[in-house]
Amino acid sequence: MKKSRMLLFAFIVLMIGACSLGKKDTGIETLRTVETDLLFGKLKQVSQTGFMFGHQDATVYGIGWDGDSARSDVKSVCGDYPAVCGWEIGRIEKGKKVSLDNVDFDRIRKEMILNYQRGGINTLSWHADNPVTGGDSWDISAKATVVGSILSDSVKHSEFLGWLDIIAAYCSSLVTEEGVKIPVLFRPWHEHTGSWFWWGKDFCTPEQYKALWILTYDYLHSKGVDNLLYAYSPCGGCTKEEYMERYPGDEYVDLLGFDYYQNRIEDTESYQKVMNETLGMLAELGKEHSKPIAVTETGLMALPIDDWWTNVLYPILENYPISYVLVWRNARELENHYFAPYPGHSSAADFVDFYKKAKTLFLSDINGHIGERMNK
């Protein structure tokens, strides 16, 4: 049964990807590689089989280690890599050698390519520094001037385009030795329905936010970046009207997602309620706009609930047609700042049970590498 399910999944993805080459779901011609179209087909169809599990910075560091080759806390616990790996390139726009999470950008490039070659999916976030104050993404001291300055101030506009030049060059450098430019799900300007980033709702109008998104999209395309899909990712818990208020349009978005975390043990019931409400709304929007949907960030820091995976998260996700769920990183430099289990953690056994669930898809599921699997 397991083998036939994976073969069916592989066949569906191949057929959908082949049918979508050269066009977006809207039917509009687009600058996109064959591999990027195949990724879009996989994201759109995976929910017929289950949902992929993802982890931020999965193979570059973890609890008690940093930089080991081919290592992953997730793999160390369940024997398999995440199907989706998230990466962060904040500070690259400033010409820095390492990201805001202190990972060398050359290392990130290498790991993204390796993950693609293993059959995994890569998603990219960009916590850009504040171009007005020089502070980080969370520096909101300039209030409602940053996005407006990017759009209307000639000096800041030119500076921002220079940042996009760097992003374009980096994304175009994600190439295998065989010359294949790897496809990436790019998630810019996320959590904008909150107000903790300089592009948040209190600091720009809906029109300005849309203009920032479209500027980013169009400029990267003008620079020949043809290996990106774009993920729209507001905060969980918003209404349908709030979710769509700053939506830039179907032609500029490939996936609909949202970010939402459980903050405390006591919040379990409210977390499940908000997740269910948001996913119900997102399932409707995904159908209306013909877009795949995903939980682009979630988790419970330090995992103080031993059965969180099977009794909190899974009962939510199994009811919705999501492409993937991604939990945040296992920081090696911050105490108790981790969102996936590691060997010896109290939730590790429950994570293995989560891994064995019929709908959870890890790397070997989406590749069909049956020999690498633990029994489900």
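A salt bridge here is a side-chain nitrogen of Lys or Arg within 4 Å of a carboxyl oxygen of Asp or Glu. By that rule, this predicted model comes to 20 salt bridges.

**Asp254 and Arg32**
- Asp254 pairs up with Arg32 in a salt bridge, and their closest N and O atoms sit 3.0 Å apart.
- Asp254 is in the loop between H8 and strand S8 (255-259), while Arg32 is in the loop between helix H1 (2-19) and helix H2 (34-45), so this pair ties together parts that are 222 residues apart in sequence.
- Are these two buried or exposed? Both Asp254 and Arg32 are buried.

**Asp129 and Arg91**
- Asp129 and Arg91 also meet through their side chains, in a salt bridge of 2.9 Å from N to O.
- Here again loops are involved: Asp129 lies in the one between strand S5 (121-125) and helix H5 (146-152), and Arg91 in the one between strand S4 (84-88) and helix H4 (105-118), so the pair ties together parts 38 residues apart in sequence.
- Asp129 has a relative accessible area of 5%, so it counts as buried, the cut-off being under 20%.
- Arg91 comes out at 25% relative accessibility, so it counts as partly exposed.

**Asp259 and Arg187**
- Asp259 forms a salt bridge with Arg187, with 3.0 Å between the closest N and O atoms.
- This pair sits on strands: Asp259 is in strand S8 and Arg187 in strand S6 (residues 184-187), which links distant parts of the chain, 72 residues apart.
- Asp259 and Arg187 are both buried.

**A salt-bridge network**
- Which residues are linked in a network of salt bridges? Asp66, Asp101, Arg329, Arg332 and Glu333 are.

- Glu245 is found in helix H8.
- With 42% relative accessibility, Glu245 counts as partly exposed, because that label covers values between the buried limit of 20% and the exposed limit of 50%.

Conventions: Residues numbered from 1 in each chain as written. Predicted model: local features only at pLDDT ≥ 70, side-chain atom pairs only at ≥ 80, totals over all residues. Heavy atoms only, no water. Helix = DSSP H or I, 4+ residues; strand = E, 2+ residues; numbered from the N terminus. Buried < 20%, exposed > 50% of the residue type's maximum accessible area, 1.4 Å probe, protein only.
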